[in-house]
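Good morning. I will take a few minutes to walk through one protein model, and please keep the picture in view while I talk.

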Amino acid sequence: MLAVENEDQLRAKGYDKTPDFILQVPVAVEGHIIHWIESKASFGDECSHHAYLHDQFWSYWNRFGPGLVIYWYGFIQELDCNRERGILLKACFPTDIVTLCHSLA
């Protein structure tokens, strides 16, 4: 199970711009480390995605590191071009999550 802080918990800590979830322990998705998840109940078209990048996603990246955006109704595949810079796009919650374990040994 993923340990997360949700948007309400983050706002209570004083964050003004917050993704839906911050992962307390990062995970890997398709070989990319993820620190936050943003869920959009929409289709990722060019106009809305570029607005979200400008208004939200890069702010999250600056504050929290790389993240994952889930567009519930899919997205234009060519928009998934910022993976190497730290923003992944998916159409559903990934099933291939690799958790990073901490050892106390």
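Which residues does Trp61 touch, not counting residues up to four places away in sequence? Trp61 touches Trp36, Pro66, Arg85 and Gly86, where touching, or contact, means heavy atoms within 4.5 Å. Between Trp61 and Gly86 there are 7.2 Å from C-alpha to C-alpha, while in sequence they are 25 residues apart. Trp61 sits in helix H2 and is partly exposed, with a relative accessible area of 33%. On that scale, buried means under 20% relative accessible area, exposed means over 50%, and partly exposed is in between, using a 1.4 Å probe and protein chains only.

A word on where this comes from. This is a predicted model, in which local features need pLDDT of at least 70 and side-chain atom pairs count only at pLDDT 80 or more, while totals for chains, interfaces and linings use all residues. Residues are numbered from 1 along each chain as its sequence is written, and side-chain values use heavy atoms, with hydrogens and water left out.

Now the overall layout. The protein has 2 helices and 6 strands, in the order β-α-β-β-α-β-β-β along the sequence. The radius of gyration is 14 Å, close to the 13 Å from the globule rule for 105 residues, so the protein is as compact as a globular protein of that length. That radius is taken over C-alpha atoms, and the rule is 2.2 Å times the number of residues to the power 0.38. Helices (H or I, at least four residues) and strands (E, at least two) are DSSP runs, numbered from the N terminus. Of the 105 residues, 41% count as buried. Among the contacts with a separation of 6 or more, 54% come from residues 24 or more positions apart.

Back to helix H2, which covers residues 46-64. H2 has a kink of about 50°, centred on Leu53; the bend at a residue is the angle between axes fitted to the seven residues ending there and the seven starting there. What do the buried residues of H2 pack against? They pack against strand S2 (21-29), strand S3 (32-40), strand S4 (67-71) and strand S5 (87-90). Leu53 is itself one of those buried residues, and others include Phe57, Trp58 and Tyr60.

Is His49 buried or exposed? His49 is buried, with a relative accessible area of 1%. Leaving aside residues up to four places away in sequence, His49 touches Phe57, Tyr71, Leu79 and Leu89.

Leu79 also turns up with Glu46: with that exclusion applied, Glu46 touches Ile76 and Leu79. The C-alpha atoms of Glu46 and Leu79 are separated by 7.0 Å, and the two residues are 33 residues apart along the chain.

Gln56 is another residue in H2. Beyond four places in sequence, Gln56 touches Glu38, Lys40 and Ala51. From Gln56 to Asp96, 40 residues apart along the chain, the C-alpha separation is 25 Å.

One last stop, at Glu30, in the loop between S2 and S3. Most residues other than glycine have a negative phi. Glu30 is not a glycine, yet its phi is positive, about 50°. Glu30 is partly exposed, with a relative accessible area of 36%.

That is my tour; I will take questions now.
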